[in-house]
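Me: I would like to learn how to read the features of a model such as this one. Please give the general idea each time, then the case at hand.

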Amino acid sequence: DDLRHWLIEPDMAAEQRDAPFLNRQQLTLVNTRTENGYRRVRGPAGSGKTMVLAGRAAALERDGKNVLVVAYNHTLLNYLRDTAVRFGCNRHRITWLTFHHWCKRVMAEAGRIEEYDALFHGYSELDADAREAILATAMPMLVEQTLRDPVAAVARYDAVLVDEAQDMLPEWWAA
């Protein structure tokens, strides 16, 4: 009887093989594009916004698009990645990054990682306001300048999807 318990597949593992249920409106958001390419999805907690984003990322990946998914934290990125797999995509062909990790990647790809590292020299000795100013303003400004440099060879994406966009600061959006 003890062995029998270990042979039963967990519900979560079985659920991973099934595509999530989406209503008609959610399916439309997953499978269509707006005329200008921009879309903001709003709704209350639990309404399926994150599920739609994962579905859209999967649909774009299946169409051969180069997709970047940005979220505020790693836990959310892991959930998005796991959910996108349920929509039948190759999760390794989608780039999943937090905003700050994306910034560091841009600077490394552009060959300007020393400038990025210089922002954080003595970071631990700074007060909380100074540390926040680096993360909120100085770092995104440096990345934005780097992206405007025509010589900078950094990855470009066909689609950028952002979850929990309200957590992103205006300076981050500018970058």
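Reply: Start with burial: a residue is buried under 20% relative accessible area, exposed over 50%, and partly exposed in between, with a 1.4 Å probe and protein chains only as cover. This is a predicted model, in which local features need pLDDT of at least 70 and side-chain atom pairs count only at pLDDT 80 or more, while totals for chains, interfaces and linings use all residues. Residues are numbered from 1 along each chain as its sequence is written, and side-chain values use heavy atoms, with hydrogens and water left out.

Me: Is R148 buried or exposed?
Reply: R148 is exposed, because its relative accessible area is 63%.

Me: How many helices and strands does the protein chain have?
Reply: Helices (H or I, at least four residues) and strands (E, at least two) are DSSP runs, numbered from the N terminus. Here there are nine helices and three strands. Read from the N terminus, their order is α-α-α-α-β-α-β-α-α-α-β-α.

Me: What are the overall dimensions, and how much of the chain is buried?
Reply: The C-alpha trace spans about 60 × 50 × 30 Å along its principal axes. Of the 175 residues, 35% are buried. Accessible areas come from the Shrake-Rupley method with a 1.4 Å probe, and for residues only the protein chains shown count as cover. The accessible surface of the chain is about 11400 Å², with 52% of it belonging to carbon and sulfur atoms.

Me: Which strands does β1 pair with?
Reply: Two strands pair if DSSP finds at least two bridges between them. Strand β1 (residues 67–71) runs parallel to β3, with four bridges joining them. It also pairs in the parallel sense with strand β2 (residues 94–98), over five bridges. V67 can be followed in both directions: its bridge partner in β3 is A159, and in β2 it stands opposite I94.

Me: Why is β1 described as largely enclosed?
Reply: Five of the five residues of β1 are buried, so the strand is largely enclosed by the rest of the structure. Both of its faces are covered, with V67, V69 and A71 buried on one side and L68 and V70 buried on the other.

Me: Where do the side chains of β3 point?
Reply: They alternate along β3 (residues 159–162).

Me: How many salt bridges does the structure hold?
Reply: Side chains of opposite charge can pair when their charged atoms come close. The criterion is a side-chain nitrogen of Lys or Arg within 4 Å of a carboxyl oxygen of Asp or Glu. By that criterion the structure holds four salt bridges. Among them is the one between D1 and R4, at 3.8 Å from N to O; both of these residues are exposed. Another joins E115 and R112 at 2.7 Å, N to O. E115 is partly exposed because its relative accessible area is 34%, whereas R112 counts as buried because its relative accessibility is 19%.

Me: What separates E144 and R148 along helix α8?
Reply: The two residues are four apart in helix α8 (residues 128–148), so about one helical turn separates them.

Me: What is the nearest side chain of opposite charge to R56?
Reply: R56 lies in helix α4 (residues 49–62). R56 is buried yet has no salt bridge, and the nearest side chain of opposite charge, D63, is 5.6 Å away. Contact means heavy atoms within 4.5 Å. Leaving aside neighbours within four places in sequence, R56 is in contact with L29, V30, N31, T32, R33 and L161.

Me: Which residues make the nonpolar surface patch of about 440 Å²?
Reply: Patches are made of residues with over 30% relative accessible area and no salt bridge; like charges are joined within 9 Å, and nonpolar side chains (Val, Leu, Ile, Met, Phe, Trp, Tyr) within 5 Å. This patch is made by L3, W6 and L7. L7 has its place in helix α1 (residues 2–7), and it is exposed because its relative accessible area is 66%.

Definitions and conventions: Lys, Arg positive; Asp, Glu negative; His and termini not counted.
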